[in-house]
Amino acid sequence: MKKYFKIFMNGIIDENPTFRMVLGMCPTLAITTAASNGIGMGLAVTFVLIFSNLVISLMRKAIPDQIRIPAFIVVIATFVTIVQLIIKAFFPALDESLGVFIPLIVVNCIIFGRAEAFAFKNPPADAAVDGLGMGIGFTLAITLISAIREVFGVGTLFGVQVMPAGFPPMGILIKPAGGFIVLGLTLAAMNCLLPKKA
Amino acid sequence: MNAVLTILIGSIFVNNFAMSRFYGICPFLGVSKKLETAFGMGMAVTFVMAIASLVAYLVNQYLLIAFNLEYLQVIAFILVIAVLVQIVEMIIRKISPGLYQALGVYLPLITTNCAVLGVAQLNVTEGYNLVLSVLNGVASALGYTLAICLFAGIRERLSLGNLPKWMEGFPGAMIAAGLMAVAFNGFSGLI
């Protein structure tokens with residue numbers, strides 16, 4: 001049990017995909033204009049991560065080393081298609097705001113990186129927990145960034161007005177430029193706050 | 001003619017892949033420490049994106065739509081791109097060792113560059129025909145090359161500067177990219 005907890009926490013703090021590994025930057029920058037987008041994208045990635053890690057780990061003895069990359073791609077693309085169809089059917093508003101970045105989860109380097117670095121070398125239960133930890137770590141990070149951008153850029157959080165009426169929203173923050181700047185400042189802050197890497 | 005011009009200006013400047021659509025940010029941050037490598041990456045991406053737009057269009061039109069398999073789009077496109085990158089790598093190695101030397105290292109990386117899959121998806125959602133798809137692929141890639149080269153130039157200078165410790169590396173680069181994006185935002189009224 002302790003082992004699984006350690007693997008889980010690894011994804012959230014020690015090897016946080018966004019703040020520590022600086023992976024999967026495309027969705028982190030593109031769709032973080034509203035906190036609800038952040039959660040939606042984070043959970044979609046978490047789902048794909050858990051199942052792709054699990055399946056790749058189950059098949060790790062059957063996949064020859066030379067063709068592992070195409071095999072990973074097919075497994076990941078399958079689960080992304082599943083997520084895409086689910087979101088399209090049940091959350092049309094989310095589908096609208098995430099747009100092309102749902103299919104682009106396929107090339108999210110977090111998922112690829114975990115398949116290569118963890119799932120291909122570890123037993124299924126470990127791999128699934130690793131996927132969950134990494135996914136939650138990504139969700140937390142991306143939700144934090146989108147909450148900052150939404151609160152200061154629009155004045156709302158999850159669509160609810162939180163800033164006082166006299167607060168002038170900083171429109172630049174929900175523009176592309178704001179994505180880079182908020183992410184840069186958050187990364188800098190995390191460099192100071194998170195415990196130093198051993 | 002109007003459509004061509006709109007795509008050219010739109011894809012290179014207004015909806016720049018790196019600066020406004022956020023496609024291909026991993027290599028944008030990863031291989032932009034030196035101007036030379038950034039240019040090499042840009043050229044490799046341009047090459048692959050032009051061919052990928054063409055092949056993805058054909059696959060979509062004559063395979064997926066013809067057989068009612070549109071829901072397999074993601075899987076089909078990513079496989080096409082992975083295969084394509086492999087083939088392009090082998091062909092270049094055979095016919096032009098010089099170009100292979102220049103692009104070689106970047107080619108395998110392109111499979112996971114979301115700009116390539118992104119442009120294929122974008123062409124489908126925009127409903128471009130064959131010619132416009134390829135044009136959009138090339139123009140978007142040129143815009144990407146422009147952005148990554150400019151960014152590499154900035155980072156070369158930045159690495160000599162005296163940044164506070166917690167700003168070194170990614171945070172500093174990110175802010176620089178942000179300021180660049182502000183500049184690119186100025187194009188937004190063009191079309």
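**Exercise 1. How many residues does helix H7 of chain A have, and what is its reach from first C-alpha to last?**

Before the solution, some ground rules. This is a predicted model, so local features need pLDDT of at least 70 and side-chain atom pairs count only at pLDDT 80 or more, while totals for chains, interfaces and linings use all residues. Residues are numbered from 1 along each chain as its sequence is written, chains are lettered from A and ligands numbered from 1 in the order in which they are written, and side-chain values use heavy atoms, with hydrogens and water left out.

*Step 1.* Pick out the helix. Helices are DSSP runs of H or I with at least four residues, strands are runs of E with at least two, and both are numbered from the N terminus. H7(A) covers residues 124–153, which is 30 residues.

*Step 2.* Check the span. The expected value is 1.5 Å times one less than the number of residues. H7(A) reaches 42 Å, close to the 44 Å expected.

*Step 3.* Look at burial. Buried means under 20% relative accessible area, exposed means over 50%, and partly exposed is in between (1.4 Å probe, protein chains only). In H7(A), 22 of the 30 residues are buried, so the helix is largely enclosed by the rest of the structure.

*Step 4.* See what comes next. H7(A) is followed by Gly155(A), which has a positive phi near 95°.

**Exercise 2. Describe the make-up of each chain.**

*Step 1.* Start with chain A. It has 8 helices and 2 strands, in the order α-α-α-α-α-α-α-β-β-α along the sequence. The radius of gyration of chain A is 17 Å, close to the 16 Å that the globule rule gives for 198 residues, so chain A is as compact as a globular protein of that length. (That radius is taken over C-alpha atoms, and the rule is 2.2 Å times the number of residues to the power 0.38.) Of the 198 residues in chain A, 54% are buried.

*Step 2.* Now chain B. Here there are 9 helices and 0 strands. With a radius of gyration of 17 Å, close to the 16 Å from the globule rule for 191 residues, chain B is as compact as a globular protein of that length. Buried residues account for 50% of the 191 in chain B.

**Exercise 3. What is the volume of the largest pocket, and what lines it?**

*Step 1.* On a 1 Å grid over the protein atoms alone, a cavity is a set of points where a 1.4 Å probe fits but cannot get out; a pocket is an open set with protein on both sides within 12 Å along at least five of seven lines, and lining residues have an atom within 4 Å of a point. Points are joined across faces, edges and corners, and a volume is the space filled by probe spheres set on them.

*Step 2.* Size and lining. The largest pocket holds about 620 Å³. It is lined by 28 residues, and those closest to its centre are Pro108(B), Leu109(B), Thr111(B), Thr112(B) and Asn113(B). H5(B) gives the largest share of the lining, 6 residues.
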